[in-house]
Amino acid sequence: MLENVNNFLTEIIDEDLAAGLAERIHTRFPPEPNGYLHIGSAKAIFINWSIAKKYGGLFNLRYDDTNPVKEDTEYVDSIWEDIKWLTGEEPNGGVYYGSDYFETCYECAVQLIRDGKAFVCDLTQEEMRAYRGSLKAPGKESPYRDRSVEENLRLFEEMRAGKYPDGSKTLRAKIDMASRNMNLRDPAIYRIVRAHHHRQGDAWCIYPLYDFAHPIQDAIEGITHSMCSIEFENHRPLYEWVVDNCPLPHHPKQREFARLNVTNTVMSKRYLRELVETGRVEGWDDPRMPTLSALRRRGYTPSAILDFVQRAGIAKANSLVDIKLLEHCIREELNKTALRRMAVLEPIKLTITNYPEDKQESFEIANNPQDEATGTRMVPFTRELYIEKSDFAEVPPPKFQRLKPDGEVRLMGAYIVKCNEIVKDENGEVVELRCTADLETGNGMPADGRKVRGTIHWVSAPTAIDAEVYLYENLFTLENTADVPEGTNYLDFLNPDSLKKLSGCKLEPSVAEVETGAHMQFVRMGYFVKDREPGRFNRVVTLKDSFAKTLK
């Protein structure tokens with residue numbers, strides 16, 4: 001997979017290497033620990049990790065923990081687990097925290113003040129926005145812009161000492177209030193925030209803003225190529241200004257790529273957090289969520305996710321990728337690798353009246369027809385079985401090839417049976433089918449040469465395992481949740497049918513042996529994974545793959 005990592009970013013790196021601008025490629029993934037990583041994060045991880053791999057370079061994980069208000073060790077831990085799970089290894093360049101560079105950031109800010117390139121400003125946030133101007137009009141300089149170096153140094157030191165209330169002062173870079181790039185109009189680079197930091201505790205009450213801290217962190221770690229999503233393209237001049245004007249050991253190069261947007265879901269951490277905190281989902285790892293922990297619990301594999309990222313493409317133009325492509329990637333993988341097992345999700349009893357009550361035999365059934373090396377298993381067969389409720393129709397529709405009154409079907413890998421009698425309860429619901437088996441057929445053809453077209457799966461009633469099965473659909477009914485109709489918000493399009501819980505499901509006994517996280521194809525029903533909760537199985541994806549035709 002990694003041998004074919006070629007895109008416009010690798011072309012840039014090839015040019016830089018040819019020009020002697022870098023000796024060893026060094027990349028990083030800088031998540032903010034204010035939520036769980038999602039499928040969009042997988043793209044950023046893949047780009048930085050795979051490019052470092054391609055060039056024999058280094059890849060860092062660096063937590064961008066410069067905003068203590070929303071950060072938590074829960075998120076730190078989840079990010080670490082997701083990185084290892086997705087890449088299969090720990091970052092070879094090391095694990096770092098942006099907060100560990102706070103002293104260096106402070107020293108860089110002091111140097112900017114001494115050089116006359118930063119000043120302490122007393123404007124409120126609202127006033128700063130008003131002074132900033134617009135895309136058509138230049139901004140207006142702060143009345144505090146011309147404070148002396150000595151006064152700015154004193155005020156900044158007092159900010160650090162906690163002399164001033166939160167939000168009362170900021171440190172701003174002195175660049176150009178008439179710049180066409182709004183990010184260069186004297187941006188704030190430090191603010192006063194009294195909040196307990198997950199790593200630094202209460203050591204600081206001033207915190208650097210991302211646009212100031214990030215290039216400093218990159219430069220300290222020797223990052224050669226700082227690759228980030230396209231919304232930071234207009235921030236690149238500020239990134240370069242910070243690197244050029246601060247006393248730093250390296251000069252990293254920032255380049256941007258398009259974000260990964262997927263249909264029928266949301267990627268904003270703010271929205272994902274709202275779904276969790278309001279109880280609309282069962283947590284960050286609810287298998288309907290687009291987080292990596294949720295996809296892992298749902299049964300998606302790292303290889304399928306990385307395959308999806310590559311197929312979706314790495315470019316500069318934003319696009320909306322169909323979630324069916326992700327489903328296609330995992331379905332394609334599990335079709336080759338998942339063992340087949342029989343499971344009846346909505347059971348109805350089937351009794352073979354001409355089969356001895358005390359008899360039990362076993363039929364040999366393939367574990368995976370796609371891979372003979374997986375061998376076979378013996379499945380117990382008894383007088384009383386369970387079949388799928390939908391595999392019987394009292395009044396069958398046209399071309400119905402499953403079980404019906406006086407009709408015959410093949411029980412997968414076993415006998416041909418004929419429905420002779422229907423037993424109903426007091427409500428008129430079918431509760432049992434009484435059938436006879438052609439006991440001469442075994443798993444072979446009828447002696448008289450008649451053709452039986454339908455084949456259905458089954459489970460022996462006495463040996464069946466009871467299970468709960470969770471069936472998932474898209475979390476949102478709206479394809480593009482970033483473009484909701486006027487007067488609505490994304491929550492209006494939550495899919496009420498995104499989860500269906502089935503209890504009393506019946507599984508063949510061999511399923512009892514599988515471990516948590518093991519994949520199986522429940523034949524004719526879909527691909528499933530064993531959940532961490534005992535007796536629960538999650539559907540990863542259905543068998544039907546309409547998207548394959550699109551790819552062709």
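Here are some notes on helix packing, salt bridges and a few individual residues in this predicted model.

1. **Helices H7 and H8.** Let's start with H7, which covers residues 210-221, and H8, which covers residues 236-245. Their axes sit 9 Å apart, and the two helices pack at an angle of about 55 degrees. H7 and H8 are therefore oblique to each other. As for handedness, the crossing of H7 past H8 is right-handed.

2. **What touches what between H7 and H8.** On the H7 side, the residues in the contact are Asp211, Phe212, His214, Pro215, Ile216 and Asp218. They meet Leu238, Tyr239, Val242 and Val243 from H8. Sorted by class, the contact of H7 with H8 has seven nonpolar residues, one polar and two charged.

3. **Helices H11 and H12.** Next comes another helix pair, H11 (residues 302-312) with H12 (residues 323-337). Here the axes come within 9 Å and cross at roughly 135 degrees. That makes H11 oblique to H12. H11 passes H12 in a right-handed crossing.

4. **What touches what between H11 and H12.** H11 brings Ser303, Ala304, Asp307, Phe308, Arg311 and Ala312 to this contact. Facing them in H12 are Leu325, Leu326, His328, Cys329, Ile330, Glu332 and Glu333. By class, the contact of H11 with H12 has seven nonpolar, two polar and four charged residues.

5. **Salt bridges overall.** How many salt bridges does the structure hold? The count is 44. As background, side chains of opposite charge can pair when their charged atoms come close.

6. **Arg199 with Asp100.** The side chains of Arg199 and Asp100 form a salt bridge, at 2.9 Å from N to O. Arg199 has 40% relative accessibility, so it counts as partly exposed. Asp100 is partly exposed too, with a relative accessible area of 42%.

7. **Thr73, across from Arg199.** Arg199 is also worth a look from the side of Thr73. The two are 126 residues apart along the chain, yet their C-alpha atoms are separated by 8.5 Å. Thr73 belongs to helix H3 (residues 73-87). Its relative accessible area is 41%, so Thr73 is partly exposed.

8. **Glu429 with Lys389.** In this salt bridge, the closest N and O atoms are 3.9 Å apart. Glu429 lies in the loop between strand S19 (416-424) and strand S20 (430-438), and Lys389 in the loop between strand S17 (384-388) and strand S18 (408-411), so the pair ties together parts 40 residues apart in sequence. Glu429, at 42% relative accessibility, counts as partly exposed. Lys389 counts as partly exposed at 47%.

9. **A salt-bridge network.** Which residues are linked in a network of salt bridges? They are Asp285, Arg297, Asp531, Arg532, Glu533 and Arg536.

10. **Glu158.** This residue is found in helix H6 (residues 149-161). Why does Glu158 count as buried? Because its relative accessibility is 16%, and the cut-off for buried is under 20%. If you leave aside neighbours within four places in sequence, Glu158 is in contact with Lys163 and Tyr164.

11. **Lys544.** Finally, have a look at the loop between strand S27 (536-541) and helix H13 (547-551), where Lys544 lies. At 70% relative accessibility, Lys544 counts as exposed. Lys544 and Arg331 are 213 residues apart in sequence, but 9.0 Å apart in space, C-alpha to C-alpha.

How values were computed:
Residues numbered from 1 in each chain as written. Predicted model: local features only at pLDDT ≥ 70, side-chain atom pairs only at ≥ 80, totals over all residues. Heavy atoms only, no water. Axes fitted to C-alpha atoms, helices over the stretch in contact; angles between N-to-C directions. Helix = DSSP H or I, 4+ residues; strand = E, 2+ residues; numbered from the N terminus. Parallel < 35°, antiparallel > 145°, perpendicular 65-115°, else oblique. Left-handed = near helix turned anticlockwise from the far one by under 90°. Contact = heavy atoms within 4.5 Å. Nonpolar A, V, L, I, M, F, W, Y, C, P; charged D, E, K, R; others polar. Salt bridge = Lys/Arg side-chain N within 4 Å of Asp/Glu carboxyl O. Buried < 20%, exposed > 50% of the residue type's maximum accessible area, 1.4 Å probe, protein only.
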